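Here is a briefing on how the protein surrounds its ligand. Please keep the sequence and the structure at hand while reading.

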Amino acid sequence: MAARTAGIVGTGAALPEKIITNADLEKMVDTTDQWITERTGIKQRHQAAPHETTSSLSVQAACRALEMSGHKPKDIDMIICSTISPDMPLPATAAFVQHQLGAPPCLAFDLVAACSGFLFGLTVAEQFIKTEKARCVLLIGAEILSRYVDYKDRTTCVIFGDGVAAAVVVPVDPPSGILASEMHTNGEMAKQLYIPGGGTAHPASHESIDQGLHYIKMRGNELFKVAIRSMEQVSLRTLKQAGVTTEELDLFIPHQANRRITGAVQQRLGVPPEKVYSNIERVGNTSSASIPICLDECVRSGRIKKNDLILMTAFGAGATWGSVVLRW
Ligand code: UT7
């Protein structure tokens, strides 16, 4: 019998109650509902309340994922929190999650790979599970990007939204589980999407705040074509590695970056539109939370069924990109 691999047995999401519509943004910056809808596909995004933190939403999502999986916090032996919007620079948000959840002390850390972070985390979890170093991994994609967005910058504030989702990753028997994955980082494009301030390059100071260095900066149109090409190529290689064809896919979940980007990737891969999941209209771009929020919506609505063949792909700041082929 083939060796055990890693699979997802529970998902959960936590989206803040408050919604920012395109009409709300029209009052803040020089933009229109028409521009945002046509260029991105986004109609609204969620925004965390002041009392909500990345870890507090993560704990909510984790409880829902654990409940679905039938596991308890005491079962967790590894926590990976993928985030570019942590509670604070130190310590890891994963530490707050472990404590607030009541999980035992375990290998818990944050992972910084932006929009590709959930897929990076899934491949890390897969390795620990395959080598029997972990049996119950809590993987979280968590972002409160509104704390890092400049609501005077129309090139970023219309795109990003807040949200968190978690997955419980455990050993499963073939044919279920991760069939193939491939991840990349190329720092050549590091400054096309970044937060320059608050680290050792530009420590927080009155000047750094005055210059807005603590806000997300993005040259979106420079990322656009690279994002499409990267997700297409890595997806084709990952499908080949898994030994499956595009036609066999039941569901394609691309990172919700921009509907024009995901539409182009879907067309190039030849996936029919009815097999592509999208929630960008309601949720916006939630970076590393984007794919797990989609997964959770699909599982809870019955869109994902046992044995379904799923392709997930992402591209984000770093630049980072990757794909995972998974049989549910
Ligand atoms: O999440 C993973 C990593 N991120 C991405 O993959 C993002 C990829 N990029 C994008 O999604 C798109 O590039 C954006 C949605 C960010 C921008 O769309 P675009 O079609 O690439 O627009 P652009 O940046 O080329 O700008 C076109 C025009 C410019 O005006 P001019 O120079 O033609 O007069 C911008 O100033 O649109 C203007 N513009 C806006 N106008 C109204 C930019 N943002 C806005 C806005 N409202 N919010």
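Helix 8 gives the most to the shell around the ligand, contributing 4 residues, where helices (H or I, at least four residues) and strands (E, at least two) are DSSP runs numbered from the N terminus. This is a predicted model, in which local features need pLDDT of at least 70 and side-chain atom pairs count only at pLDDT 80 or more, while totals for chains, interfaces and linings use all residues. Residues are numbered from 1 along each chain as its sequence is written, and side-chain values use heavy atoms, with hydrogens and water left out.

**The shell**
- The ligand is surrounded by 23 residues (each with a heavy atom within 4 Å), and the closest are Thr 31, Arg 39, Arg 154, Asn 258 and Asn 285.
- By class, the shell comprises 11 nonpolar, 8 polar and 4 charged residues, with Gly counted among the polar ones.
- Because domain 1 (5-174) and domain 2 (179-327) both give residues to this shell, the ligand lies between them; the domain bounds come from an automatic or database assignment.

**Polar contacts and cover**
- Among the polar contacts (pairs of N or O atoms within 3.5 Å), a polar side-chain atom of Asn 285 lies 2.7 Å from an oxygen atom of the ligand.
- Nitrogen atoms of the ligand lie 3.1 Å from a backbone N or O atom of Gly 220 and 3.4 Å from a polar side-chain atom of Trp 35.
- Of the 940 Å² of accessible area that the ligand has on its own, the protein covers 74%, as computed by the Shrake-Rupley method with a 1.4 Å probe.

Technical notes. Polar contact = N/O pair within 3.5 Å; in protein donor to acceptor, adjacent residues only side chain to side chain.
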